[in-house]
Amino acid sequence: MRRHAKGLDRYNFVTITLHWLVALLIFGLIVLGFAMTRRSVDPALQFSLFQWHKSFGMLALLVSLVRLAYSLFGPRPKPVAEMSALEHGAARGMHHLLLLLALAVPLAGWMIASVSTLEIPTFAFDLVVIPHLPVAKSDAAEAWWTTAHAVLAYLVLALVALHASAALYHHYIRRDAVLIRMLGLRGHR
Ligand code: HEM
Ligand code: HEM
């Protein structure tokens with residue numbers, strides 16, 4: 001059940017930590033994903049970069065799951081007073097889309113590893129083996145999920161650019177508390 005915590009007009013420590021942790025993981029994974037798939041990368045280095053990408057990717061999936069649950073059931077601040085109902089609705093729509101894509105991208109990545117006929121195991125930081133999903137393996141399925149994973153990842157990048165631009169617009173043009181309260185700062189706005 002959703003609830004607006006009484007008197008709470010800023011995001012709490014848990015929401016702020018989860019928001020910026022997921023943002024950091026997603027940025028890092030997009031840069032790593034892009035770099036590791038370049039043709040010029042040495043094959044031995046490429047293998048190791050893929051393994052790091054899969055470990056951090058599964059961590060991103062785990063943190064995004066916790067974050068989705070907290071976002072749905074945890075406390076939420078009241079909308080910023082200066083925002084119209086339409087603006088608030090648009091912001092919520094974008095947040096829901098980002099929460100969903102933060103799960104869809106790593107799940108598509110997990111599908112690549114699962115359907116691959118190479119059957120390379122996925123280790124989480126060389127500690128435990130992450131089981132592959134029980135799906136049929138084929139080169140065609142691997143190609144399909146590879147494209148889906150890349151399209152979804154770059155879609156997230158485009159949407160985050162819009163989302164971050166909106167945050168900067170609120171901060172510098174509208175001069176309201178939207179960015180300040182996600183940074184955990186008190187501010188005088
Ligand atoms: C939020 C999490 C993730 C993000 C943002 C992300 C992002 C990316 C990006 C940008 C690429 C390069 C796409 C291209 O230019 O072709 C990529 C490739 C790849 N990712 Fe992820 N990834 C994530 C999670 C995962 C997970 C959990 C796995 C597997 C367990 C995974 C497996 C792969 C693989 C195998 C490739 C290479 C595909 C190929 O052969 O070209 N990713 N990822
Ligand atoms: C430079 C990067 C980013 C900036 C500057 C930024 C900024 C912000 C700000 C200011 C808010 C508060 C909006 C409000 O109160 O209405 C917010 C909320 C939110 N942002 Fe971001 N963000 C960034 C990256 C991301 C990324 C990568 C994701 C997910 C993929 C994301 C997902 C969300 C979600 C879901 C919320 C709603 C609150 C929550 O449930 O955590 N953001 N962001």
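Which residues coordinate the iron atom of ligand 1? The views below come from a predicted model, where local features need pLDDT of at least 70, side-chain atom pairs count only at pLDDT 80 or more, and totals for linings use all residues. Residues are numbered from 1 along each chain as its sequence is written, and side-chain values use heavy atoms, leaving out hydrogens and water.

**View 1. The iron atom of ligand 1.** H53 (NE2) and H149 (NE2) coordinate the iron atom at 2.0 Å. H53 lies in helix α2 and H149 in helix α4, 96 residues apart. Donors are N, O and S atoms within 2.8 Å of the metal (3.2 Å for Na, K and Ca). Six donor atoms subtend angles of 86 to 180° at the iron, so the arrangement is octahedral. Six donors count as octahedral if opposite ones are over 155 degrees apart and all others between 65 and 115.

**View 2. Polar side chains at ligand 2.** An N or O atom in the Y11 side chain is 2.9 Å from an oxygen atom of ligand 2. For S71, a side-chain N or O atom is 2.5 Å from an oxygen atom of the ligand. H19 places a polar side-chain atom 2.8 Å from a nitrogen atom of ligand 2. A polar contact is a pair of N or O atoms within 3.5 Å.

**View 3. The shell around ligand 2.** Ligand 2 is surrounded by 19 residues, each with a heavy atom within 4 Å of it. Helix α1 (13-36) gives the most, five residues. Helices are DSSP runs (H or I, at least four residues), numbered from the N terminus.

Terms used. Chains are lettered from A and ligands numbered from 1 in the order in which they are written. A polar contact is a pair of N or O atoms within 3.5 Å; within protein, one must be able to donate a hydrogen and the other to accept it, and residues adjacent in sequence count only if both atoms are side-chain atoms. Helices (H or I, at least four residues) and strands (E, at least two) are DSSP runs, numbered from the N terminus. Four donors count as tetrahedral if all angles lie between 85 and 135 degrees; four count as square planar and six as octahedral if opposite donors are over 155 degrees apart and all others between 65 and 115; anything else is irregular.
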